[in-house]
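Please read them alongside the sequence and the coordinates.

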Amino acid sequence: MIDGPRILLVDDDPALLEALPEALRLRLDGIQIDTSETASDALERLRETDYDAIVSDIKMPGMDGLALLAEAAEIRPGTPVLLITGHGEHDLAVQALRGGAYDFVQKPIDRDYFVASLERAVHLRRLDRQIVEQRTRLEQHARLLEHVDNGVFLVDTTGIVRYWNPAAEAITGLAEETVVGRRVSHSLVGWDGIVAGVPVSSEPGPSARDAAVPLDVEGRELWISVSGVDLEDGIVYAFRSLTEERALDKLKSEFVATVSHELRTPLSAIYGCAQTLRRGDLKVDAEMKDRLLGVIAQESERLTRIVGDILLANQLDSGRLRLERQQIDIARLVREVVEEMRVSLSTREDISFEVDAPDSIAPVVGDEDKLRQILINLLDNAVKYSPEGGRVEISVEGRRNGVRFVITDQGLGIPHGDQHRIFGKFYRVDPDQSRGVGGTGLGLYICRELARTMEGHVSVTSQEGKGSTFVVDLPLEPVRAAEEPDAARQTA
């Protein structure tokens with residue numbers, strides 16, 4: 001329910017201040033009238049109250065009505081002022097209108113005209129207030145939309161984008177100035193073909209469902225989950241990006257397929273050997289039995305490595321991995337790792353290892369197990385991507401701020417476009433295993449993350465068909481004299 005209008009009446013004539021309010025109360029329901037005999041008193045009232053209109057005589061002692069008009073515009077901009085002028089004071093009336101007065105009323109006052117003008121002034125003031133309130137709410141909503149994570153844009157009834165929030169810009173990469181004022185299909189190629197499938201509600205609230213749709217954004221495929229709300233000025237669409245989720249789902253599917261394949265091979269071998277050993281109708285001599293048990297043991301170790309890689313990757317993702325501090329003999333460690341690889345690859349006579357790990361490299365402090373894992377994974381990767389054999393070289397160099405390891409192979413090499421992706425989780429250069437290269441796609445990811453955990457980094461240079469070189473730089477600390485006893489106890 002709207003309260004009655006509140007008016008401030010200013011005049012130095014006590015008779016008018018008494019008679020005019022009574023006349024207005026008879027004609028305007030619920031009107032509230034405050035009176036002031038001076039302009040200075042009126043200004044004090046204006047500072048305290050937001051009136052719907054001001055009625056003032058022009059000629060008053062001290063500050064006159066024109067001066068009051070100017071001061072009122074400063075204190076309460078937008079409040080309509082009606083000025084009362086004497087008969088024949090046309091010049092003053094013109095000055096009043098030029099000064100921003102809403103209207104002027106001549107004495108003797110025509111009460112019908114005066115009441116009608118006052119009603120219009122009150123109505124105008126209330127409309128102004130509503131506009132200000134709506135603008136304030138819109139500005140508040142706009143500020144809120146600037147901070148929401150979802151993209152929001154408004155498409156008017158002609159298909160022109162009228163609003164584009166910062167999240168929409170961040171998700172799509174399209175700047176507000178390049179989208180607003182243009183047809184939505186100009187910026188979001190293919191929008192006209194998919195908009196019919198986007199659910200649009202008649203009022204704000206949770207949508208029954210969002211539509212997952214692909215968009216062509218400057219040549220990039222962007223998947224979004226989007227729904228809309230139908231408003232008087234157009235349709236407001238809210239959306240979020242599904243691109244990363246879809247990429248992750250694809251990655252998970254590839255991982256499941258890869259792991260299934262990697263697990264199936266050793267499991268099949270173990271199952272086949274076990275079934276052979278159990279057969280009562282087949283005589284298995286000692287040599288055959290030993291060979292079958294060897295296959296079971298070897299494939300069991302392979303399963304253990306696969307599971308170990310998955311668990312280690314999970315620890316790295318969750319940040320739960322802890323580093324130990326131990327004294328490490330770098331030259332010894334490298335030689336041990338290479339010897340382990342030689343033993344495990346006894347059937348690969350086409351692969352040779354060349355080691356350059358001088359004993360002169362001083363011992364360092366670090367996590368030996370994690371460093372061993374990095375080197376094993378890189379050497380295993382070098383062998384894996386050398387299906388036709390060749391030489392794998394590993395060299396170690398002591399540097400001022402740590403140690404550098406360089407592993408080089410003469411294998412398949414890595415296409416230039418894949419070199420920035422090979423350290424990603426589950427990524428494999430040969431996903432279809434068309435060249436006999438298997439694996440879970442976690443080895444290089446683990447190398448990179450372990451190196452990062454140790455505040456180092458791994459890099460690669462490669463040429464397709466000619467091999468790859470991986471470089472690991474780790475800021476390992478030299479062993480200090482005070483650390484040697486403690487390090488010795490840890491490695492004992």
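1. Valine 152 counts as buried because its relative accessibility is 8%, where buried means under 20% relative accessible area, exposed over 50% and partly exposed in between, with a 1.4 Å probe and protein chains only. This valine lies in strand β6, and its C-alpha is 7.7 Å from that of tyrosine 163, which is 11 residues away in sequence.

2. The model is predicted, so that local features need pLDDT of at least 70 and side-chain atom pairs count only at pLDDT 80 or more, while totals for chains, interfaces and linings use all residues. Residues are numbered from 1 along each chain as its sequence is written, and side-chain values use heavy atoms, with hydrogens and water left out.

3. Strand β6 (residues 151-156) runs antiparallel to strand β11 (residues 234-241), and six bridges join them; leucine 154 has valine 236 in β11 as its bridge partner. Strands pair here if DSSP finds at least two bridges between them.

4. Strand β11 is also joined by eight bridges to β10 (residues 220-231), again in antiparallel fashion, with glycine 228 opposite tyrosine 237 of β11. Two residues separate β10 from β11 in the hairpin that they form.

5. For the chain overall, the secondary structure comes to 15 helices and 19 strands, taken as DSSP runs numbered from the N terminus (helices H or I, at least four residues; strands E, at least two). Of the 492 residues in the chain, 41% are buried.
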